[in-house]
Amino acid sequence: RKINREREKLKKSEEKTMKSGGLGAVPSYGVPAKRRWRGFVIAVLGLVILSMLVPLVFLLGLHNGFHSSGYIYEQRSTPSSHKVLESYDRHDIGRTKNPSKDVMKKYARGDKNGTISKGANEEKHRGVKAPPKSALQPPPISNNPKVARIEQVTDPKTNSSDDNGKSCELTYGSYCLWQQKHREVMKDAMVKKLKDQLFVARSYYPSIAKLPAQDKLSRELKQSIQELEHVLSESSTDADLPPLVETKSEKMQVAIAKAKSVPVVCDNVDKKLRQIYDLTEDEADFHRKQSAFLYKLNVLTMPKSFHCLALKLTVEYFKSSHDEKEAGSEKFEDSSLRHYVIFSNNVLAASVVINSTVTHAKVSRNQVFHVLSDGQNYYAMKLWFKRNNYREAAVQVLNVEHLEMDKLKDNPSQLSLPEEFRVSFRSYDNPSMGQFRTEYVSIFSHSHYLLPDIFSKLKKVVVLDDDVVIQQDLSALWNLDMGEKVNGAVQFCSVRLGQLKSYLGKKGFSHNSCAWMSGLNIIDLVKWRKLGLTQTYKRLIKELSVQKGFNIAATWPASLLAFENKIYPLNESWVRSGLGYDYKIDTNSIKTAPVLHYNGKMKPWLDLGIPNYKSYWKKFLNKENQLLSECNVNS
């Protein structure tokens, strides 16, 4: 019954609806539809007007007046974000098709031993306030003397420090020394001053413009801003500036001084000034890193004139006929003569070493020089030493890549030049000195450990780096009684094995043993073969690789351990080193030294070489050679 009652009520309600509907129902539905469409059109028009107003607000700079409680960091598209310099292998440039990109990838990749921290820049990204001056001071350095930092330099003294308290030289090496000597006076100082004034004026203008009582100052600031904008839009250097620019600069300075005297809410001013502080700091840091990178790239690159000489010699070698038997070949395996070995891919560098040696030798007919080069420079070397005579000395040129395989005994056949490492350390005897000192230490490369196999019939050789100059007779070296020692070398006691524990692993070694340097070394090949030092070196390289993984400085620790207790210390007076990075070497010590060693990045054949030391190297060039003139080597 209840269901039937509900059905009847529903029918009655439907009938009433139909009676009140009909044609009259149409207007009742049309009015709400029109209202809905009208609201939609109004909303669209409002969005269009708003989209036009927002760009206009930003164009007029009115957004600077909006209050914001935070700090603004302006993201820049410049490539200055957190690039960390690494050391490069000096042969990397020749191993890649696009060396600049390869080195730039290394330049942009950091590691835990990187020399520049990211902390300062990360703080700027978070928008933190600038730290007080006291916070920028270098942190205290531990007085523990048993620490040393080594970095391979096979590629680059100031007291300045970076943001992390590290000295510039610890971070960038000899680049800092070169930078100080070649610092230039700032150009276009007035343009830079106008840009700074313009930025400061813009930072104060929004706050001044809000104050009704400062309408006159607001107009004055606005006019000065417009004038400087017009000047800078037409001038990029001081020479392009109009005659009355100093008057406009003084006028702007007065307006800025007035603006600073007005009490305003400092939020906007603080944000703008912080922006210029961060941007300027980032830009200066980027340019410094970029300059250091270009410096390193320069020292890795063979000069154009040297490349020209090698190409011309190679072409002429294949154009001319050659005897199969070299002049003086009977001397090459005569163990009664004095044999000198030079690893080099630089024709003129090897030539200077040989020429300076024979020039100061009392007797040259018993001297034999063996130049070991790579396949690319082998033919240029062959023709050069065939055309040039070095008194009565004999010169043999060998291609390391084409030596007999039985001599190599599964060793890599590519030429590797003496390795150089940048060493930063405190004085071992006076560890309280806070400032790090940086020097460059050269050491044997993998190719040096092939000497006993390459010269199997020889008993003793003197190994010379291609960046040395000989100034006295070396006959006294051949009369040394080294006892049971294998390698006569100059020791480098500023660094001892105990300071390199992290690199040497847990091997048993004397912590007080000194490091040693290549450059001038007399080698007893008989004792070398007897002790199996080549096999010891290869084993140490493998063990260090297992312990440390890939270590760019593995060659030095392996060589130090292989020759531990087998070094005959030569008197330090034999070699005057540091001519490739130290500007402060005494001239008298250079003139009296038997051997000059240009260890470091600033080699004497580079444009970046230290000018005061180049003459000692250049005087042994054959300046009358026609090829040197054609390739502008003498210039």
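Reader: Is Glu220 buried or exposed?

Author: Happy to start there! This is a predicted model, in which local features need pLDDT of at least 70, side-chain atom pairs count only at pLDDT 80 or more, and totals for chains, interfaces and linings use all residues. Residues are numbered from 1 along each chain as its sequence is written, and side-chain values use heavy atoms, leaving out hydrogens and water. With a 1.4 Å probe and protein chains only, buried means under 20% relative accessible area, exposed over 50%, and partly exposed in between. Glu220 has a relative accessible area of 17%, so the word for Glu220 is buried.

Reader: Which side chain meets Glu220 in a salt bridge?

Author: A salt bridge is a side-chain nitrogen of Lys or Arg within 4 Å of a carboxyl oxygen of Asp or Glu. Here the N to O distance is 3.6 Å, and the partner of Glu220 is Lys258.

Reader: How many residues apart in sequence are the parts that Lys258 and Glu220 tie together?

Author: Helices (H or I, at least four residues) and strands (E, at least two) are DSSP runs, numbered from the N terminus. Lys258 lies in helix H10 (residues 245–261) and Glu220 in helix H9 (residues 215–234), so the distance in sequence is 38 residues.

Reader: How many salt bridges does the count come to?

Author: Another pair is Lys527 and Asp524, at 2.8 Å from N to O. By the salt-bridge rule, the count comes to twelve.
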